[in-house]
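Look at the sequence and the structure below before reading on.

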Amino acid sequence: MASLFSLRGLSRQPLLSGVASSVTHTSMAPIRLLSTTTTLLSKAAKRAKAAKIGVTPRRNKGHQRSEFYARVKILKQNLFSPAPPPLRMARLRYLRHWTIHRAWLLFRRQQKEATHKERVRINAGMFNACEELRKVSGPGDRSEGYLYRVAMEKKGVWGLNAVPIEYARFQTDSPATTAWNHDWKR
Amino acid sequence: MSRCQSVARPLARQLQQRSVQQCLAIRSFNTTSSQLNAAASAAPVAEPTPLDLDPNTVLPEFEDALIKAGKMPVGSRRRRVALRSNPNSLPFEQLPYQAFQEARKILAADREQKVAKIKEEVEKIARVEAVEDSQFRGGPKMKATRLASLRKYVEELKIKADVNDPIVKKRFEDGLGDMNKPIYRYYAEKKWRSYDQRLITQRISQFHIVPDIIPKLVPTADVQLYFRKAKVAPGEIVDSIVSENPPRLRVQLFNPGERLVTVVVVDPDVPDVENDAFFKRCHYIAANIPLSPTDTSLPLSKIKGDDQLALPWLPAVAQKGSPYHRMAIFLLEQLPGERVDVAKVKELYASRDKFSLKSFQSKFRVRPFGFNMFRSVWDENTAAVMARHGLPGADIELRTARVHSLKGPVKLRGWEAKRQGPKYRQLWKYTKRIRGLSNARGWTKRK
């Protein structure tokens with residue numbers, strides 16, 4: 001459940017503007033979705049009258065609101081509002097809450113450890129591949145480690161006239177149908 | 001009946017009963033009503049049912065009997081009544097909340113992993129132990145280090161296996177934890193460190209226990225002080241009639257095993273009038289007291305053995321006019337398997353004055369691990385207590401000697417002060433207001 005705390009700023013501005021816009025658009029037939037009272041109706045009638053006479057409706061005159069007004073207001077409200085109240089639970093409910101919380105922490109830790117392990121494995125695979133390249137000699141009459149040196153080249157990656165790293169491969173609209181062609185031979 | 005009324009009605013009934021009882025109490029000055037009172041107190045005690053003998057469901061009127069029988073009631077009275085009304089409810093761990101049950105599954109799987117790990121480590125320890133000292137890589141020293149670190153890891157794993165169990169947590173909060181098990185000791189230590197340990201270390205530093213009595217003190221056990229059933233906060237000023245009898249200590253140890261302990265109570269603030277100084281007086285020494293994490297109560301009045309009690313309790317008294325006396329209670333751990341020679345202690349410290357805890361520590365090879373303290377000042381009962389125990393000095397009031405400044409008097413400053421001499425006779429009517437000496441109404445400083 002979203003707390004009242006986080007929803008505090010949301011209620012005012014969009015709602016009012018929505019009402020105003022709906023009124024201006026459908027001034028003669030106002031929508032009465034949920035309300036059973038005549039307030040909206042009467043307001044709309046007044047607006048219509050004002051429009052007919054040629055008087056603009058009274059706005060907050062003097063300062064023009066910026067386009068970020070609503071967002072800034074919400075930010076300010078959430079920045080300077082007091083902290084949300086502490087959770088209040090009876091004892092057993094608290095214990096259940098605690099259990100779930102501990103399980104959640106444990107689960108996240110397990111996930112994190114698994115990800116880390118996988119990354120270490122991938123990194124080690126890269127390292128081993130590079131090591132193989134370094135030891136092998138060729139192609140043709142190339143000396144030992146030639147392939148490694150070529151693989152480690154970073155031409156055009158750094159410097160003023162650098163090419164962004166994204167362009168290290170051909171730019172395509174969609175990924176390749178076969179990610180790696182294992183049968184490729186020079 | 002509205003919800004509000006339904007809540008308030010039992011409360012109102014309670015209050016009515018209270019007021020009736022109060023009336024009785026007020027009338028108890030009357031000679032006739034004492035019988036009535038007794039009848040009123042005797043009336044509600046009925047025959048205890050089996051539910052009343054169970055610490056989980058005992059009603060308030062049977063609590064005392066149960067406590068006397070050695071069983072502490074569990075939880076709040078409200079909870080006990082709730083349990084009573086619904087005796088065969090589901091146990092906590094089977095409550096049908098989906099998230100809760102899923103969480104328990106995750107935790108159980110983790111626990112199984114930890115237990116498997118413990119088994120593995122124990123086997124590893126056995127394997128390391130089987131290797132001979134000379135054969136081990138790095139020699140016997142390395143082997144000892146390896147074994148110690150493995151054992152430490154196993155202890156850690158034991159705690160980690162149980163630390164997520166809600167039942168264990170619940171049992172600890174109910175005070176039913178078995179202190180022989182590492183997890184409950186872990187919880188107890190965590191709780192102690194969260195407040196009481198900080199408080200006691202603050203008292204040690206703010207009352208200057210550390211340089212004044214011993215050079216170093218790091219408390220590692222929870223020591224609480226009780227006088228006449230009431231807990232005394234560390235550093236509290238205790239009435240001399242209350243501290244006339246020895247206190248009871250509640251000691252919670254956090255490391256396993258039984259050990260022998262020495263208790264020493266020192267007052268470092270005894271005024272030494274001849275030398276214009278203070279000296280330390282020993283108020284109590286008892287040694288060879290067995291303690292373990294499971295037995296926590298240590299009543300100083302119950303220690304009477306010939307090989308235990310060296311110096312009996314001397315009441316804490318402060319002479320009139322002397323500053324407050326710090327009464328520091330130290331718990332010192334003896335070396336494993338070693339006993340303190342109490343006869344020697346008696347002989348050495350027969351006169352309690354000019355006691356030095358540091359020298360005691362080095363003489364008997366003990367190490368301080370627990371600390372608590374209270375304070376005593378002169379109050380209306382002190383004279384009577386001193387008379388009862390034959391302590392001299394109740395008829396003397398000490399006064400602090402006034403220490404005068406060694407600097408000379410300050411020369412007066414300001415325009416007026418400079419123009420006091422006969423040379424400025426014509427200005428005298430304007431030079432009456434001298435700062436610190438006089439004002440418009442006249443001379444303010446006393447001569």
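Against which helix do the buried residues of H5(B) pack? They pack against helix H5 (91-135) of chain A. The structure is a predicted model, in which local features need pLDDT of at least 70 and side-chain atom pairs count only at pLDDT 80 or more, while totals for chains, interfaces and linings use all residues. Residues are numbered from 1 along each chain as its sequence is written, and chains are lettered from A and ligands numbered from 1 in the order in which they are written.

Helices (H or I, at least four residues) and strands (E, at least two) are DSSP runs, numbered from the N terminus. Chain A has six helices and zero strands. A residue is buried if 20 or more other C-beta atoms lie within 10 Å of its own, exposed if 12 or fewer, and partly exposed in between, with C-beta atoms placed from the backbone. Of the 186 residues in chain A, 3% are buried.

Helix H5 (residues 98-130) of chain B has 33 residues and spans 48 Å from its first C-alpha to its last, close to the expected 48 Å; the expected span is 1.5 Å times one less than the number of residues. Buried in H5(B) are B:Phe100, B:Ala103, B:Arg104 and B:Leu107.

Two residues are in contact if their C-beta atoms, placed from the backbone, lie within 7 Å. The contact between the chains takes ten residues from chain A and 13 residues from chain B. On the side of chain A that touches chain B, seven residues are nonpolar, one is polar and two are charged. Here Ala, Val, Leu, Ile, Met, Phe, Trp, Tyr, Cys and Pro count as nonpolar, Asp, Glu, Lys and Arg as charged, and the others, Gly among them, as polar.

In soluble globular proteins, nonpolar side chains tend to be buried together. A nonpolar core is a set of buried Ala, Val, Leu, Ile, Met, Phe, Trp, Tyr and Cys residues joined through C-beta atoms within 7 Å. The largest one has 52 residues, and B:Val264, B:Val266, B:Phe330 and B:Leu331 have the most contacts inside it. Strand E5 (residues 277-291) of chain B gives the largest share of this core, seven residues. Leaving aside neighbours within four places in sequence, B:Val264 is in contact with residues including B:Cys282, B:Tyr284 and B:Phe330. A second, separate core has five residues, among them A:Ala103, B:Phe100, B:Ala103 and B:Leu107.
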